[in-house]
Amino acid sequence: MFRRLNEALPELLLGIFIYGVIIQFAGVWFVEDKLRYSSGLWIGIVTAMCMAYHIARIIAETIDSMDAGKARGRIIAKGILRYLAVAAVFTVTMYFDLGNLVTLFLGVMGLKISAYLQPALHKLMIRVTGKGGVSSDKTNIIEREVKM
């Protein structure tokens with residue numbers, strides 16, 4: 001489902017998750033309130049994943065849109081809505097004391113970190129799975145037909 005929306009989205013989500021696991025194991029040993037550390041971090045990670053999905057969906061809708069003028073306004077409005085939603089997540093987390101706000105921020109920053117590391121993760125996924133790039137399934141089929 002995610003791959004149909006955007007080719008890079010599954011790898012972006014995987015990168016956010018891996019980032020969350022690394023931050024979880026790197027920092028949980030050094031804090032007194034492990035529950036708030038972890039809950040804040042994972043609220044941030046889920047928020048980052050939702051933001052990534054929302055961005056990919058808006059890009060897909062904009063590409064399908066006919067009117068370029070309306071598309072620009074829609075992108076701006078949806079971006080503002082996304083940031084208001086993130087502010088609401090921070091406010092609710094703070095008000096109900098659901099987690100540490102610093103780790104929540106670190107979790108949300110997982111979107112940025114994953115976006116920067118997505119090309120490297122993509123190359124790693126190609127090596128591990130053997131799919132994508134030059135060694136994609138379609139290329140392998142064509143090479144087998146040529147050799148026969």
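In this predicted model, Ser65 touches Ala71 and Arg74, leaving aside residues up to four places away in sequence. Ser65 itself sits in the loop between α3 (34-64) and α4 (68-95). With a relative accessible area of 23%, Ser65 counts as partly exposed, since the buried class stops under 20%. Ala71, by contrast, is buried.

That brings in α4, a helix of 28 residues. From its first C-alpha to its last, α4 reaches 40 Å, close to the 40 Å expected at 1.5 Å a residue. After α4 comes Asp97, which has a positive phi, near 50°.

As for the aromatic rings, the count comes to two pairs. One is Phe17 with Trp42: the ring centres are 5.8 Å apart and the planes meet at 50°, so this pair is tilted. Phe17 belongs to helix α2 (residues 9-27) and Trp42 to helix α3, so the pair ties together parts 25 residues apart in sequence. Both partners are partly exposed, Phe17 with a relative accessible area of 41% and Trp42 with 27%.

The other pair is Tyr95 with Phe96, whose ring centres lie 4.9 Å apart. Their planes stand at 90°, so the pair is edge-to-face, the cut-off for that label being over 60 degrees. Tyr95 is exposed, at 66% relative accessible area, and Phe96 is exposed too, at 54%.

Terms used
Residues are numbered from 1 along each chain as its sequence is written. This is a predicted model: local features need pLDDT of at least 70, side-chain atom pairs count only at pLDDT 80 or more; totals for chains, interfaces and linings use all residues. Side-chain values use heavy atoms; hydrogens and water are left out. Helices (H or I, at least four residues) and strands (E, at least two) are DSSP runs, numbered from the N terminus. Buried means under 20% relative accessible area, exposed over 50%, partly exposed in between (1.4 Å probe, protein chains only). Contact means heavy atoms within 4.5 Å. The expected span of a helix is 1.5 Å times one less than its number of residues. Rings of Phe, Tyr and Trp (its six-membered ring) pair if their centres lie within 6.5 Å; planes under 30 degrees apart count as stacked, over 60 as edge-to-face and the rest as tilted.
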